[in-house]
Amino acid sequence: MFKLNDDRPASPVRLNAGGSHSASNAGGGSGMGGWIKSLGRASSELLSPPATPAQSNPPLTPQTQSQSHSVASALHAAAAAATGATAAAAAAAPGFVSSIVTSVASMPAHAAQTVAAIRPPPSPHMRDDHPPGLSCQQVLDLFMAQKPLPKGATVAKNIVGRFTRGGVDRKDSEMLSFEPFKKVCWVFGSDTIELMLGKTPTQAMVTAGLAKQWIRDWLDDGNEHRLVLMPIVHPDDRVLGTWDNIFALVQKHYGMRIYLKMFPFFDELKETHIKDIDPRARLRYISELPVTDRYNHDEFYTPEKILKMDEITLYDVRGFMYHTIGRGYARDPNGNTNRMEYIVPNRAYSDFPGLIQHPITVSRDEIQNFHLGKNLTSHERCVELARRFKACEALRPDSTLAEGIVGRFIRGFKPEHFDKLCGEPSTRAAFVFGGDTIQSFMGLSASQAMISLGFTREFLISLNAMKMSHKLVLFPEPEKCKQAKWENAMTFVKDVYGNAIHAKLFPHLPELKAKEYEEIDPNFKLRDIANLDFATRTSHPEYYSPEKILSLKTVSLFDARGFFYHSMRCNEMYEGIGYTQARNGDDDRAEYLVENMKITTIKDCVIIDVEFFSNELEG
């Protein structure tokens with residue numbers, strides 16, 4: 001139960017699915033019931049001009065039209081404040097408020113000043129000026145000493161936090177976010193801060209919802225990390241991270257033009273999962289590029305990009321939300337989304353009274369090796385994963401046992417077929433799956449695991465019928481292990497196949513990234529050649545070996561795609577975004593490129609036999 005400043009009891013407030021507030025109000029004299037009556041009377045009087053000799057209202061000019069829309073926005077915000085919702089939610093809601101706002105949008109200019117002065121009662125949302133609990137400094141002292149929250153203590157409810165990054169010499173690290181288009185930032189609340197206490201900085205970042213891959217990337221980019229804690233003094237500086245509030249913030253920070261373009265998609269955006277909007281995960285791929293690269297990318301959604309578009313789609317709106325608004329910390333290591341996440345303005349540290357920040361040290365070793373209260377070696381983790389896979393034991397959702405471990409299922413008839421990661425004699429590259437995939441198939445049988453990776457039952461039945469043996473190889477990420485994005489695949493060519501081949505292929509990188517496979521090879525000729533037996537395909541005149549590329553005076557886009565298909569095993573399913581989808585399409589998993597190494601040379605490698613069960617394949 002919140003309490004208003006005038007000590008009147010507030011309406012009970014509960015969180016709906018999605019985090020928005022709803023208020024119950026039994027009486028009509030206060031809250032939304034009473035206020036909406038006065039609003040109705042006021043707007044009715046304003047919409048009816050005083051009795052004067054008959055005359056028509058002057059036409060709306062751009063200036064008066066802007067005033068009217070501002071009044072409409074004020075009414076949205078006022079209605080939202082009275083209910084604990086948002087302006088966008090009020091605008092979307094059917095009923096009396098929407099009819100008033102619709103009318104106000106075209107009201108005569110003479111009403112503008114009066115309606116703009118209408119104010120609802122104070123909102124209970126976020127009103128907590130001097131809450132009890134630990135202060136920012138007390139929280140930071142506990143955090144740096146890695147001490148847990150004392151028994152019976154709480155963190156003050158108005159304190160929020162954020163992990164920031166930036167180069168050591170960067171002045172822009174003084175902003176909550178150094179990215180130029182970010183006018184708002186995501187922060188976590190006191191509930192997450194309480195869970196972070198008693199943990200190392202690395203463990204705390206994971207607890208707050210940051211993926212270990214992101215933390216590693218930050219380190220690789222030479223960034224330093226800081227923990228920022230601040231009390232929210234003014235309630236309007238913090239809103240819950242709901243779609244309703246995000247739309248209201250778009251209007252506030254990015255202007256009415258962008259807001260009006262996006263608002264028709266409001267309901268659909270709330271109801272549609274991002275994987276249905278962006279099944280290829282292009283938005284995430286672009287967001288994970290280096291800062292300069294993504295801001296220069298044609299598919300990066302800035303405010304300017306939206307304003308230049310004559311028409312926009314649901315995908316465009318989601319792209320703007322993803323790239324310009326960003327992502328929050330809602331999901332914890334267990335996959336739960338019951339943490340409170342908020343949005344605050346992106347300002348300089350000095351603009352938040354009481355803000356404190358402190359550098360923290362993140363350990364690369366700890367990212368990978370800290371499990372169940374102790375540090376395991378990479379080999380010990382591979383052994384434990386192999387044991388659990390054979391025993392069909394699942395991992396806890398918050399386990400990081402598989403972090404930094406990669407693997408591959410290999411098959412063959414003879415011992416020499418298992419000498420390398422990939423049995424294809426001519427290839428120098430091998431695809432491996434990452435820790436997220438290993439985590440996903442723990443607890444499954446071997447056949448279920450391979451089906452989850454995309455192998456069909458029919459294919460596995462045919463391999464079983466041929467008495468082909470299978471093995472699972474697990475090993476720590478090697479030094480030359482890159483997520484299988486087009487940029488990294490091209491770098492791999494340079495490192496492994498040499499500068500001459502790289503120079504011939506590199507000019508085609510933009511088109512390889514931009515075009516679907518079917519646009520380059522509509523008749524699937526490359527696939528047909530790849531499906532031939534080894535001797536036939538390698539002698540085929542259109543089999544793209546390194547030698548063939550070197551022999552060509554000019555290399556076409558088709559030739560380049562042929563090399564990646566035949567020599568690097570980037571088949572028609574390869575999209576170059578660094579992720580592959582599970583067969584059911586429910587999840588996307590990271591995939592990596594490594595050199596096709598001899599298994600006996602791989603440090604800390606563990607290899608186990610894999611057995612299929614016929615009844616599972618035929619079921």
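Asp 604 counts as partly exposed in this predicted model, because its relative accessibility comes to 26%, which falls between the 20% and 50% cut-offs. Its place is in the loop between E16 and E17. Asp 604 is not a glycine, yet its phi is positive, at about 60°. That is worth a second look, since most residues other than glycine have a negative phi.

Lys 603 sits in that loop too, between strand E16 (588-595) and strand E17 (606-610). With 67% relative accessibility, Lys 603 counts as exposed. Setting aside residues up to four places away in sequence, Lys 603 touches Phe 475 and Pro 476. Glu 477 is 126 residues from Lys 603 along the chain, but the C-alpha atoms of the two are separated by 9.7 Å.

A positive phi turns up at Cys 392 as well, near 55°, again in a residue other than glycine. Cys 392 belongs to the loop between helix H19 (378-390) and strand E11 (405-412). Its relative accessibility is 38%, so Cys 392 counts as partly exposed.

On to the charged pairs. Side chains of opposite charge can pair when their charged atoms come close. Searching the whole structure turns up 12 salt bridges. One of them joins the side chains of Glu 384 and Arg 388, at 2.7 Å from N to O. These two residues are four apart in helix H19, so about one helical turn separates them. Glu 384 is partly exposed, with a relative accessible area of 22%, whereas Arg 388 counts as buried at 17% relative accessibility.

Another salt bridge brings together the side chains of Lys 471 and Asp 609, with an N to O distance of 2.4 Å. This pair links distant parts of the chain: Lys 471 is in strand E13 (residues 469-476) and Asp 609 in strand E17, 138 residues apart. Glu 511 and Lys 515 form a salt bridge too, their closest N and O atoms being 3.2 Å apart.

Next come the nonpolar residues. In soluble globular proteins, nonpolar side chains tend to be buried together. The largest nonpolar core here has 30 residues, and those with the most contacts inside it are Val 493, Leu 505, Phe 563, Phe 564, Met 568 and Leu 593. Among the elements giving two or more residues to this core are strand E12 (429-433), helix H24 (499-505) and helix H30 (557-566). H23 provides the largest share, seven residues. Beyond its neighbours within four places in sequence, Val 493 is in contact with Gly 498, Ile 501, His 502, Leu 505, Phe 563, Phe 564 and Met 568. There is also a second, separate core of 28 residues, which includes Val 139, Val 155, Ala 156 and Ala 204.

Finally, helix H10 (residues 243-254) packs against helix H17 (residues 314-325) at an angle of about 75°, with the axes 12 Å apart. H10 is therefore roughly perpendicular to H17. On the H10 side, Trp 243, Ile 246, Phe 247, Val 250 and Tyr 254 take part, meeting Arg 318, Phe 320, Met 321, Thr 324 and Ile 325 in H17. By type, the residues of this contact divide into eight nonpolar, one polar and one charged.

Key
Residues are numbered from 1 along each chain as its sequence is written. This is a predicted model: local features need pLDDT of at least 70, side-chain atom pairs count only at pLDDT 80 or more; totals for chains, interfaces and linings use all residues. Side-chain values use heavy atoms; hydrogens and water are left out. A nonpolar core is a set of buried Ala, Val, Leu, Ile, Met, Phe, Trp, Tyr and Cys residues joined through side-chain atoms within 4.5 Å. Buried means under 20% relative accessible area, exposed over 50%, partly exposed in between (1.4 Å probe, protein chains only). Contact means heavy atoms within 4.5 Å. Axes are lines fitted to C-alpha atoms, for helices over the stretch in contact, and angles run from 0 to 180 degrees between N-to-C directions. Angles under 35 degrees count as roughly parallel, over 145 as roughly antiparallel, 65 to 115 as roughly perpendicular and the rest as oblique. Ala, Val, Leu, Ile, Met, Phe, Trp, Tyr, Cys and Pro count as nonpolar, Asp, Glu, Lys and Arg as charged, and the others, Gly among them, as polar. A salt bridge is a side-chain nitrogen of Lys or Arg within 4 Å of a carboxyl oxygen of Asp or Glu.
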